[in-house]
Amino acid sequence: MKGYAMLRIGESGWIEKDTPKCGPLDAIVKPLAVAICTSDVHTLWEGAIGDRHDMILGHEASGEVVEVGSEVKDFKPGDRVLIPAITPDWNSLEAQAGYSMHSGGMLAGWKFSNFKDGVFSEYFHVNDADGNLALMPEGMDPADACILSDMVPTGFHAVELADVQFGDTVLVVGIGPVGLMAVAGAALRGASRIIAVGTRPVCVEAAKGYGATDFISYKNGPIDEQVMELTGGKGVDRVCIAGGTVATFEPAVKALKAGGKIGNVNYLGSGDYINIPRVEWGVGMGHKDIRGGLMPGGRLRMEKLASLVSSGRLDLHPEVTHLFHGWDHIEEALFLMKDKPADLIKPVVVID
């Protein structure tokens, strides 16, 4: 089979590989559509998870099952499926402890384009098929289904980590595709005010549609100072971090009320340390919680998130701004995500 791979840090291209083998609990899937993630950019050009050689990229896809293992009960060839970007081993001790995304070690639930070949290929392997696949709802657009694989569960996880409550004022840092889903999740959770940090007009318009009430730009000065001005010096109850760098945590802590919570789902691709401002953190005693997490994967989560789309509670169409058809556009879409033109939110490639 052919696949689009990271050859080494900074280099990518098409390669030929053997079709993956199907274990008794697993499935082999062919993609119906794939999406490009900023994580692919961090992995390929920054070497954020270390050097990888001839590793097929991609972790966002919708697909059709072509083979299942002898122990798989709930899926069969021909099923159109949702595939989460995080595919835990559900019999692991970490899963039993409530942290399935770290099954086998920290971040080890993230397998595609990390520990094994990803989804930018003619066929890909899904471990623990009954635990990780979900049937695609009838009539769902395969391109929308790609957004369900990572952007929705990751953005929503920021909201979960920040523990957004009814009536909260929430700051969302970064309104790319993940941040937009954090805005949508905060609104669904009952936030009364959502302050979004972002400048690209296409993202600002989408964020308004998802429930953002105020907008600030890091170009206009420190984020925390702008938040304090907007809130009359009170600060915010919750912060969802879906963009920025290691330096983003300092203004986030400064903008947060005592007793507030920060939920980070941003992939920090570079930098060695995060600075926490001592005084604004209550000299260590301000009850300002900082939580960072990899989004949960698995079938149940996919089914529940898909039901939000099917019921009309969540519209994913604004996320996909660039739609391509055919394998030949994978590289073009990848470089779009790297360069981030002003009109881009998310590129998706439909495999016709």
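The questions and answers below look at one strand and at the salt bridges of a predicted model.

In this predicted model, local features need pLDDT of at least 70 and side-chain atom pairs count only at pLDDT 80 or more, while totals for chains, interfaces and linings use all residues. Residues are numbered from 1 along each chain as its sequence is written, and side-chain values use heavy atoms, with hydrogens and water left out.

Q: How many of the nine residues of strand E3 are buried?
A: Strands (E, at least two residues) and helices (H or I, at least four) are DSSP runs numbered from the N terminus, and E3 covers residues 27-35. A residue is called buried under 20% relative accessible area, exposed over 50%, and partly exposed in between, using a 1.4 Å probe and protein chains only. By this rule E3 is mostly covered, and the number of its buried residues is eight.

Q: Which residue in E5 is the bridge partner of Val34?
A: Two strands pair if DSSP finds at least two bridges between them. E3 and strand E5 (residues 60-68) pair in the antiparallel sense over eight bridges. In E5, the partner of Val34 is Ala61.

Q: Which residue in E16 is the bridge partner of Ala33?
A: Strand E3 also pairs with strand E7 (residues 124-126), antiparallel and over three bridges, and there Ile28 has His125 as its partner. Three bridges join E3 to strand E16 (residues 346-350), again in the antiparallel sense. In E16, the partner of Ala33 is Val350.

Q: How many salt bridges does the count come to?
A: A salt bridge here is a side-chain nitrogen of Lys or Arg within 4 Å of a carboxyl oxygen of Asp or Glu. One of them joins Arg8 and Glu11, with 2.9 Å from N to O. By this rule the count comes to 14.

Q: How many residues apart are Asp163 and Lys261?
A: The side chains of Asp163 and Lys261 meet in a salt bridge of 3.0 Å, N to O. This pair links distant parts of the chain, because Asp163 is in the loop between helix H5 (151-162) and strand E9 (169-173), whereas Lys261 is in strand E13 (residues 256-264).

Q: Which residue is linked with Arg299 and Glu303 in a network of salt bridges?
A: Glu303 and Arg299 both lie in helix H10 (residues 299-310), four residues apart, about one turn of the helix. Their side chains meet in a salt bridge of 3.1 Å, N to O. The network that links them also includes Asp74.
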